[in-house]
Amino acid sequence: MAAAILIPISFFLFVFATLYLFFTTRNKERMALIEKGAEASIFVQGRPSGAAAIWKVFILNLALVLMAVGLAIFIGSFMEYNLGVDGDVAYPGSIFLMAGIGLLVGFFLTKKMENKD
C-alpha cells in the first residue's frame with residue numbers, strides 16, 4: 001500500500017523540481033543579461049522561415065505513434081494466434097517495431113511539411 005502512493009508522489013516531485021529548476025534558471029539568465037544591458041528582443045524568438053508549427057508536429061507524431069501501436073496490437077494478436085508465436089514476444093516486439101516505424105514516418109512527413117511552408 002505504501003509503495004503504491006510513493007510512485008505518484010515521486011512523479012509529482014520530479015515534475016515540480018524539473019519545472020522549478022527550468023524557470024528559475026531561465027529567470028536568472030534573463031536578469032543577468034538585462035543587467036549587462038542586452039536588448040529585450042533576444043528573449044522573443046520568432047519561428048524560423050519554413051518551420052512548421054510545433055503543435056502540428058506534435059499532433060502528427062502522436063497520431064502516427066498511436067495508429068502504429070494500434071496496428072501493432074493487431075499484428076501481435078495475429079502472430080500469436082495464427083503463427084504460434086509466444087504472446088510475450090509477439091506483442092512487445094510488434095509494438096516497439098511499429099512505434100518506431102510510426103516515428104520514422106512522422107519525421108519524414110515533418111521534413112516535408114517544413115520544406116513545403
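Mentor: The buried residues of α2 pack against α3 (87-116); contact here means heavy atoms within 4.5 Å. This is a predicted model, where local features need pLDDT of at least 70, side-chain atom pairs count only at pLDDT 80 or more, and totals for chains, interfaces and linings use all residues. Residues are numbered from 1 along each chain as its sequence is written, and side-chain values use heavy atoms, with hydrogens and water left out.

Trainee: Which residues of α2 are buried?

Mentor: Val57, Leu64, Val65, Ala68, Ala72 and Gly76. Buried means under 20% relative accessible area, exposed over 50%, and partly exposed in between, with a 1.4 Å probe and protein chains only.

Trainee: Why would residues three or four places apart point the same way?

Mentor: An α-helix has 3.6 residues a turn, so residues at that spacing point the same way.

Trainee: How far does helix α2 reach from its first C-alpha to its last?

Mentor: Helix α2 covers residues 54-81, 28 residues in all, and spans 41 Å, close to the 40 Å expected at 1.5 Å a residue. The expected span is 1.5 Å times one less than the number of residues.

Trainee: And overall, how many helices and strands are there?

Mentor: Three helices and zero strands, in the order α-α-α from the N terminus. Those are DSSP runs numbered from the N terminus: helices are H or I with at least four residues, strands E with at least two.

Trainee: What share of the protein is buried?

Mentor: Buried residues make up 15% of the 117 residues. Of the contacts with a separation of 6 or more, 60% come from residues 24 or more positions apart.

Trainee: Switching to the surface. Which residues form the nonpolar patch?

Mentor: Ile5, Leu6, Ile9, Phe12, Leu13, Phe16 and Tyr20, with about 770 Å² of accessible area together. Areas are Shrake-Rupley with a 1.4 Å probe, and for residues only the protein chains shown count as cover.

Trainee: Is Phe12 buried or exposed?

Mentor: Exposed, at 56% relative accessible area. Phe12 lies in helix α1 (residues 2-35).

Technical notes
Patch = residues over 30% accessible without salt bridge, like charges linked within 9 Å, V, L, I, M, F, W, Y side chains within 5 Å. Salt bridge = Lys/Arg side-chain N within 4 Å of Asp/Glu carboxyl O.
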